[in-house]
Amino acid sequence: MAYPTLENVLRILTLQDHNTRIVLAGACAFGVAAGLVGAFLLLRKRSLLGDTLGHATLPGVAIGFLIAYGTGIDPRSFLPLALGATLTSVAGIAALLLIRRFSTIKDDAALAIVLSVFFGFGVALLSAIQQLPGGFASGLEHLIYGSAATMSSTDTSFVLVSSLCIAVICIALFKEFSLLCFDEPYARSSGWPATALDLLLMSLVVWTTVVGIQTVGILLVVALLVIPPASARFWCDGMGAMATVSALCGGLSCLFGVFLSALFPKWPTGALIVLSAGAIFAAGLVFGPTRGILIRSIRTRREELKLRRDHMLRAVFECAENSSESVPLSQLLTKRPWSRRHVTSEIARLADRGLLTFSLSNDSVQLTTTGLSEARRLVRNHRLWELYLIQHAEIAPAHVDRDADRIEHVLSLRIVEELEDILDQRPHDRLVPRDPEKSHL
Amino acid sequence: MTTPPLQINSLNVSYHSKLVLWDVGVSIQPGRTTAIVGPNGAGKSTLLKAALGLIPASSGDISFYGGPLRKCRSRVAYVPQRESVDWDFPVNARDVVAMGLYRRIGWCLPVRSIHRRMADEALADVGMADFACRQISQLSGGQQQRVFLARALAQKADLYLMDEPFASVDAATEQAILAVLERIKNAGGTVVCVHHDLETVAQYFDDAVLLNMRIVAQGSVIDVMTPENLRKTYGARLALVDELETNLSSSIPARK
């Protein structure tokens with residue numbers, strides 16, 4: 001494989017080729033439109049429908065070609081193919097609705113049936129076309145895998161205008177589509193024409209699919225309907241943000257894909273676009289700030305550390321409560337099934353935070369003022385909750401310590417106050433340490 | 001006499017050629033709360049959905065305030081079952097409540113700050129003011145139920161149709177819903193709830209409709225919730241089905 005020269009890279013990145021500019025504009029517009037429609041498709045849980053529609057365009061493309069060929073129109077122009085594709089994907093939807101209406105076959109099976117039958121029909125028609133004189137068949141095969149590089153300026157205008165229309169409709173009906181996706185029965189009950197909205201959304205999906213045939217190809221068009229919105233969910237909450245990020249991901253995937261395919265002209269553009277989308281998805285999966293793996297494991301780790309800190313503080317406080325303030329390490333080891341290593345590393349961590357001091361001479365620890373007030377708060381929460389469980393939740397005292405252990409870390413100030421009210425503190429003064437804030441008064 | 005907010009006459013509904021509701025006639029009294037009570041599979045939710053036109057009825061008349069539903073959509077608010085939607089949807093509590101205002105906002109126009117304020121008021125009415133910006137996936141089941149209730153309240157309707165609002169909710173939510181029912185009633189509104197808990201029917205509601213595919217009894221809770229009626233609704237399901245089948249075979253002319 002030939003690597004591109006630096007000169008080549010610069011020429012492509014600065015968009016000096018007319019062809020690169022055209023392809024880039026068309027592909028990015030399609031990516032943005034697909035990202036928008038895809039957001040609704042994903043939330044409507046109809047992603048597989050996009051795949052079925054994509055495959056169902058193949059016979060339409062072939063029929064469009066045959067009609068153009070028969071009537072003497074240039075069979076390489078995209079318009080007849082697009083019309084044919086629209087026709088058969090609408091027929092695909094109709095077939096789905098018919099199967100759903102007149103049988104008890106589940107949706108996933110119905111989708112698979114329509115997908116394979118339509119695609120099979122398309123493949124059969126293609127092999128018929130191959131036998132026609134003129135050698136057009138290879139041009140059609142391009143459409144299966146996508147060939148953005150061969151986009152003409154007429155094709156690009158079709159893609160641009162279509163993408164613009166799709167985007168405008170999605171934005172204008174943003175609120176209506178969101179409601180349809182979230183709660184269709186409610187939308188219907190409050191008077192929205194849910195069926196019409198649903199049909200419109202499906203039509204937009206068909207339209208997007210047809211537009212995408214040339215850019216990414218029949219087989220891969222579903223990728224741009226599904227991957228960008230799925231990626232968007234790793235980056236943001238909120239419907240508006242999700243649709244925006246999804247459109248952005250779609251556009252970026254196409255941008256990267258087109259650049260890559262300009263650098264490596266032997267690689268099909270469609271595949272490179274989808275691979276770019278996949279890379280963006282993977283990045284979101286790992287680094288996404290709302291649902292990424294990294295942020296989630298950091299959160300879990302942080303909670304775990306806090307839990308360990310709380311337990312150690314409580315243990316030191318409880319050991320010191322009835323004796324001198326300095327607690328020997330050996331006594332801490334008996335409090336919980338802790339290893340010596342765990343205890344020493346935890347103590348080192350707490351000492352770093354200034355919560356306790358460790359004295360080497362007698363192998364013991366002592367809480368600092370900050371550590372003491374924090375420990376007092378924790379023990380207080382723990383015992384308040386224990387008392388509550390014993391007195392009001394009728395839980396056997398033997399089980400209470402363990403249950404309280406889990407909840408004390410998450411008690412909010414308001415709940416603690418409520419607990420105090422419920423338990424009417426006075427009789428338990430000895431058991432429950434005083435509020436560190438109030439004890440200064 | 002005032003026109004009833006919801007009047008259903010001889011309603012028949014079937015799913016896949018199996019009868020679910022048979023000759024149901026219900027008259028809901030204005031300014032009162034009504035529970036629709038019956039065993040699982042009695043068609044309680046189906047009754048609400050059929051009344052709202054969400055599932056097709058084989059036959060029957062349904063009128064809201066003396067006319068068809070489309071004449072008075074804004075006066076009727078629906079609270080679906082909590083399980084009917086995917087709560088992992090990327091919206092926050094305020095967004096969901098604002099959906100109750102979409103009709104008022106109209107086609108293609110965005111939700112503006114005045115609508116967000118109205119949504120916040122509705123959230124405050126169900127004790128959820130602090131949760132307006134919380135993602136709905138992060139709410140507890142009871143809080144989600146209250147968000148649904150707030151969405152209906154935001155519509156400022158006169159008739160509220162609620163599908164199992166009390167199903168598996170915490171005590172705080174139960175109190176919040178009861179307070180809302182009281183407030184609706186005091187404002188002259190009407191509430192119809194599908195309810196599953198027999199013990200609380202008399203405590204929570206004014207009227208009850210006992211339903212098991214057909215109406216067993218309806219009226220004020222004191223008159224309706226008798227052991228005799230309950231046995232008819234719950235205890236003798238087989239007998240009911242037998243009766244239904246005899247009735248069916250005699251009332252439907254045989255096909256050729």
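Reader: Which residues of α6(B) are called buried, and what makes them so?

Author: In this predicted model, the buried residues of α6(B) are Thr173(B), Ala176(B), Ile177(B), Val180(B), Leu181(B) and Ile184(B). A residue is called buried if 20 or more other C-beta atoms, placed from the backbone, lie within 10 Å of its own, exposed if 12 or fewer do, and partly exposed in between. An α-helix has 3.6 residues a turn, so residues three or four places apart point the same way.

Reader: What is exposed on the other side of α6(B), and what covers its buried residues?

Author: Ala171(B), Gln175(B), Arg183(B) and Asn186(B) are exposed on that other side, whereas the cover over the buried residues includes β3 (33-37), α4 (113-125), α5 (141-154), β6 (159-163) and β7 (190-195) of chain B. Just after α6(B), Gly188(B) takes a positive phi of about 90°.

Reader: Why is Leu219(A) called buried, and where does it lie?

Author: Leu219(A) has 20 other C-beta atoms within 10 Å, and is therefore buried. Leu219(A) lies in the loop between α10 (194-216) and α11 (221-235) of chain A. Leaving aside neighbours within four places in sequence, Leu219(A) is in contact (C-beta atoms, placed from the backbone, within 7 Å) with Gly54(A), Ile144(A) and Tyr145(A).

Reader: What makes β1 and β2 of chain B a pair of strands, and how do they run?

Author: Two strands pair if DSSP finds at least two bridges between them, and seven bridges join β1 (residues 6-15) to β2 (residues 18-28) of chain B, so these antiparallel strands count as paired. Val13(B) has Leu21(B) as its bridge partner in β2(B). The two strands form a hairpin with two residues between them, and His16(B) in the turn has a positive phi of about 45°.

Reader: How many residues of chain A are in contact with chain B?

Author: There are 18 residues of chain A in contact with 19 residues of chain B. On the side of chain A that touches chain B, α9(A) gives the most, with four residues. The residues of that side divide into nine nonpolar (Ala, Val, Leu, Ile, Met, Phe, Trp, Tyr, Cys and Pro), five charged (Asp, Glu, Lys and Arg) and four polar (the others, Gly among them).

Reader: Which conventions apply to numbering and confidence?

Author: Residues are numbered from 1 along each chain as its sequence is written, while chains are lettered from A and ligands numbered from 1 in the order in which they are written. In this predicted model, local features need pLDDT of at least 70 and side-chain atom pairs count only at pLDDT 80 or more, whereas totals for chains, interfaces and linings use all residues.

Notes:
Contact = placed C-beta atoms within 7 Å.
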